[in-house]
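Please keep the sequence and the structure in view while reading.

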Amino acid sequence: MSEFPLMYKVKQEFEREAVADLDDEVKKAVDSAVAQANLAAGARIAVTAGSRGIQNYVPILQGVVNELKNRGFSPFMVAAMGSHGRGEAAGQQELLASLGITESSMGVPISCSSESTQIGETDKASGRLPVFVAPEIFDADATLLVNRVKPHTSFRGPYESGLIKMAAVGLGRPKGATMVHSLGADRLAEVIPAIAKVSFEKTNIIGGVAIVENAYDETAVIQGIPVDSIFDLEKELQAKAKKMMPSLPIDQMDLCLVGEMGKDFSGTGMDTNIIGRMRIEGVAEPEKPSITYLGVLNLSKASHGNANGVGLADLTTESLVADIDYEAMYLNSLTSGFIIRAAVPMTFSNDLELVKGALKGLKLSDPKMMRLVYIKNTLHVDEIWVSESVFEEIKDKPNVKVISEPNPIPFDENGRIQLD
């Protein structure tokens with residue numbers, strides 16, 4: 001289209017620390033996590049499984065399970081995903097299977113349930129909040145948490161996504177997740193550690209295996225942590241994860257297009273840390289990046305219709321809207337309380353019409369000077385497409401390399417963008 005700017009494909013280079021030997025790191029992590037527990041031979045160990053699209057999640061979990069077996073223990077797995085999977089056993093099983101986590105692939109039973117048991121409450125300073133956990137862990141002699149540590153998409157604090165949140169929210173199943181989110185985003189950083197503290201004190205959690213990923217969605221760290229050290233070491237890992245996070249190379253855009261959103265890319269479909277939008281009442285928006293219009297084009301199959309986070313966008317397409325499972329999306333959004341994130345944006349017949357609509361709204365004197373960025377999704381932003389005006393601003397950055405000369409935006413006969 002002659003009225004659209006030409007696009008350059010560029011590559012961003014980020015810090016790339018990565019695990020060299022996955023199996024060896026998992027073995028060392030399990031050793032660190034269980035060494036102080038003094039478990040008897042044959043002890044039953046519950047291993048938690050979450051709902052996030054973690055890189056190498058299947059081989060890491062397989063490695064954890066196999067190492068526990070090699071040490072003479074009897075592991076099984078427990079779904080620890082809060083209200084995800086519709087908060088139901090069948091939905092949890094379906095979600096785990098979509099990640100490759102099945103009884104067949106793991107070689108152990110997997111317990112999925114909506115049930116949770118109250119084990120106590122937090123201290124007075126935290127409001128005497130009830131603390132829930134999955135009752136299956138009490139069928140075990142010990143519980144081992146396995147989760148990724150990374151910046152959260154709804155709040156900021158020394159502990160965000162990680163072992164602590166899995167203990168406080170994931171193991172709490174729908175009751176625990178609903179209770180936590182009912183408090184509002186401004187209290188999450190405070191109450192999640194308080195709830196986890198009770199879980200650590202009153203259950204058989206012996207530690208965890210923490211995972212950190214680099215900007216390329218690669219496993220950078222696998223660390224085993226005994227329960228008494230989780231608060232100290234997870235804080236360090238959270239800082240490391242934030243340092244490793246990718247970002248867009250420019251702070252101001254007229255239009256940012258996200259090719260695909262989904263739960264396999266972020267719990268909010270699009271990572272708020274990348275797009276600079278929270279859309280939570282009472283929570284300040286990030287200062288950067290600043291995006292005038294955000295358009296999202298497709299919903300990933302791995303999301304199973306859960307388009308929670310679509311409300312972070314201003315514009316979307318009919319094809320994405322047709323793929324929404326409103327029951328799953330509304331449950332997720334209502335549980336968190338962040339219902340604006342489930343609001344369906346202005347909807348266009350296809351990608352081409354969406355871009356035309358954005359141009360009408362922007363009212364630029366010269367449409368070819370539109371500051372446009374296209375990303376495949378918010379998890380992979382190393383290779384992106386930028387318009388000429390953006391390219392001129394970022395071309396001299398040392399971590400930006402040009403992959404292709406400028407070309408028109410490629411639309412197919414159905415008006416869909418064809419960028420690899």
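**Strand β15 and its neighbours**

Within β15, W385 is the bridge partner of Y374. The model described here is predicted.

- Strand β14, residues 372-375, is joined to β15 by two bridges, and the two strands run antiparallel.
- Strand β1, residues 7-12, also pairs with β15 in the antiparallel sense, over five bridges.
- Strand β15 itself covers residues 383-387 and is mostly covered, since four of its five residues are buried.

**The six-stranded sheet**

- An open sheet is formed by six strands, whose order is β4-β3-β2-β7-β8-β9, with mixed pairing.
- Its edge strands are β4 (110-111) and β9 (219-226), each of which pairs on one side only.
- Helix α1, residues 22-34, packs on this sheet and touches β7, β8 and β9.
- The direction of α1 makes about 20 degrees with that of β9.
- Inside the sheet, strand β7 (residues 142-148) and strand β8 (residues 205-213) run parallel and are joined by six bridges.
- For R148, the bridge partner in β8 is I211.
- As a general point, side chains in a regular strand alternate between the two faces of the sheet.

**Helix α5 and its two partners**

- Helix α5 (residues 163-170) packs with helix α7 (residues 185-202) at an angle of about 80 degrees, and their axes are 8 Å apart.
- Because angles of 65 to 115 degrees count as roughly perpendicular, α5 is described as roughly perpendicular to α7.
- On the α5 side of this contact are I164, K165, A167, A168 and V169, which meet I192, P193, I195, A196, S199 and F200 in α7.
- Sorted by class, the residues in the contact of α5 with α7 are nine nonpolar, one polar and one charged.
- The axes of α5 and helix α6 (residues 173-181) come within 8 Å and cross at roughly 105 degrees.
- This angle makes α5 roughly perpendicular to α6.
- The residues in contact are A168, V169 and G170 of α5 together with R173, A177 and V180 of α6.
- By class, the contact of α5 with α6 has four nonpolar residues, one polar residue and one charged residue.

**Helix α12**

- Helix α12 runs over residues 351-362 and has 12 residues, which at 1.5 Å a residue should span 16 Å.
- The buried residues in α12 are D351, L352, L354, V355, G357, A358, L359 and L362.
- These buried residues of α12 pack against β10, β11 (290-296), β12 (315-317) and β13 (346-348).

**Residues in loops**

- G259 has its place in the loop between β10 (252-258) and α9 (272-275).
- Its relative accessibility is 6%, and G259 therefore counts as buried.
- Leaving aside residues up to four places away in sequence, G259 touches L297, N298, Y374, I375 and K376.
- The C-alpha atoms of G259 and P151 are separated by 22 Å, and these residues are 108 residues apart along the chain.
- P289 is placed in the loop between α9 and β11.
- The peptide bond from K288 to P289 is cis, with omega near 0 degrees.
- R128, in the loop between β5 (117-121) and β6 (130-133), has a positive phi of about 50 degrees although it is not a glycine.
- With 45% relative accessibility, R128 counts as partly exposed.
- K363 is found in the loop between α12 and β14, and K363 has a positive phi of about 55 degrees although it is not a glycine.
- At 69% relative accessibility, K363 counts as exposed, because exposed means over 50%.

Terms used:
Residues numbered from 1 in each chain as written. Predicted model: local features only at pLDDT ≥ 70, side-chain atom pairs only at ≥ 80, totals over all residues. Heavy atoms only, no water. Pairing = 2+ DSSP bridges. Contact = heavy atoms within 4.5 Å. Axes fitted to C-alpha atoms, helices over the stretch in contact; angles between N-to-C directions. Parallel < 35°, antiparallel > 145°, perpendicular 65-115°, else oblique. Nonpolar A, V, L, I, M, F, W, Y, C, P; charged D, E, K, R; others polar. Buried < 20%, exposed > 50% of the residue type's maximum accessible area, 1.4 Å probe, protein only. Expected span 1.5 Å × (residues − 1).
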